[in-house]
Amino acid sequence: MEFPVYLQLGTQKILLHMVTEIASFFIAFRFYLYLKRKQGDSISGMNRLYILLGAALGALLGSRILGGLEDPVALAASASPLQYFYLNKTVVGGFLGGLIGVETIKKIIGEKRRSGDLYTYPIILGLVIGRIGCFSMGVHEETYGLPTASFTGMNLGDGLLRHPVALYEIGFLLLLGLLIRYADRSMPLDSGARFKIFMIGYLLFRFLLDFIKPHFTWPVGLSSIQIACLLGLLYYFRYIIQPKRLLIPHAGSSLHIL
């Protein structure tokens, strides 16, 4: 397999990553609309629109800010710091920025109902499609792992056997989606619990994954993404130490989650 992977369309070659990046947003949004029609939405149309706008703006800013801070040495050497921030992005920053954007908008418009559940499965689907594109880039995009002697090692384009971290993430996302689905069917989950389980699981996974990825390491021994993941997990800490908070109050005191 040669990296990066191209699609041949007549006489034109198009990066598979470009196709999957567009497809991930389109398919995830269509899936969101499908679930919205099927399940209904307790949040009014205008408030949901404001929340979507808050999520989009927060995700855009968060992904770029954290992406630019991943490598402060390269940022300091950049001739145009603003352009450097624009060209670098990360999903973790997008999620945390989107979370901040949503909570800010909800306070402004006075919306108290939890809004994340409807996005959970579309986000997982979009991520899986997007990570297929990341894998197709090999070492030509910074979504590859450190060299390894493990049986999972793959030549991603530089002759070294590396951890295919994009494939690890795809596998994890599929398992996480199944876990949330199982919990959804077998436990009285409170509103917003599905999204919380997703965020806790994904942030923990990304924190661990960065130990097998090349990155700039701060004096505390962690990368920028790992620090951001810890801050996100701190935000959800009360649900981590008391998972019964994810259940409908008084609906099942003997049930446990996570």
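The largest cavity in this predicted model holds about 30 Å³ of space. The structure has 1 cavity of 30 Å³ or more. Two helices, H2 and H5, come within 6 Å of each other along their axes. Asparagine 47 sits in helix H2 and takes part in that contact.

**The cavity**
- Its lining includes Asp190, Ser191, Gly192 and Ala193.
- Arg114, Lys196, Tyr239, Arg245 and Leu246 also line the largest cavity.

**Helices H2 and H5**
- H2 covers residues 45-69, and H5 covers residues 91-109.
- Their axes cross at roughly 145°, and the crossing is right-handed.
- H2 brings Asn47, Tyr50, Ile51, Gly54, Ala55, Gly58, Ala59, Gly62, Ser63 and Leu66 to the contact.
- From H5 come Val92, Gly93, Gly94, Gly97, Gly98, Gly101, Val102, Ile105, Lys106 and Ile109.
- The residues of this contact divide into 10 polar, 9 nonpolar and 1 charged.

**Asparagine 47**
- Asparagine 47 counts as buried because its relative accessibility is 17%, and buried means under 20%.
- Leaving aside neighbours within four places in sequence, asparagine 47 is in contact with Ile109 and Glu111.
- Ile109 is one of the H5 residues in the contact with H2.
- Asparagine 47 and threonine 143 are 96 residues apart in sequence. In space, their C-alpha atoms are 36 Å apart.

Methods:
Residues numbered from 1 in each chain as written. Predicted model: local features only at pLDDT ≥ 70, side-chain atom pairs only at ≥ 80, totals over all residues. Heavy atoms only, no water. 1 Å grid on protein atoms, 1.4 Å probe; cavity = no way out; pocket = protein on both sides within 12 Å on 5 of 7 lines; lining within 4 Å. Points joined across faces, edges and corners; volume = space filled by probe spheres on them. Axes fitted to C-alpha atoms, helices over the stretch in contact; angles between N-to-C directions. Helix = DSSP H or I, 4+ residues; strand = E, 2+ residues; numbered from the N terminus. Left-handed = near helix turned anticlockwise from the far one by under 90°. Contact = heavy atoms within 4.5 Å. Nonpolar A, V, L, I, M, F, W, Y, C, P; charged D, E, K, R; others polar. Buried < 20%, exposed > 50% of the residue type's maximum accessible area, 1.4 Å probe, protein only.
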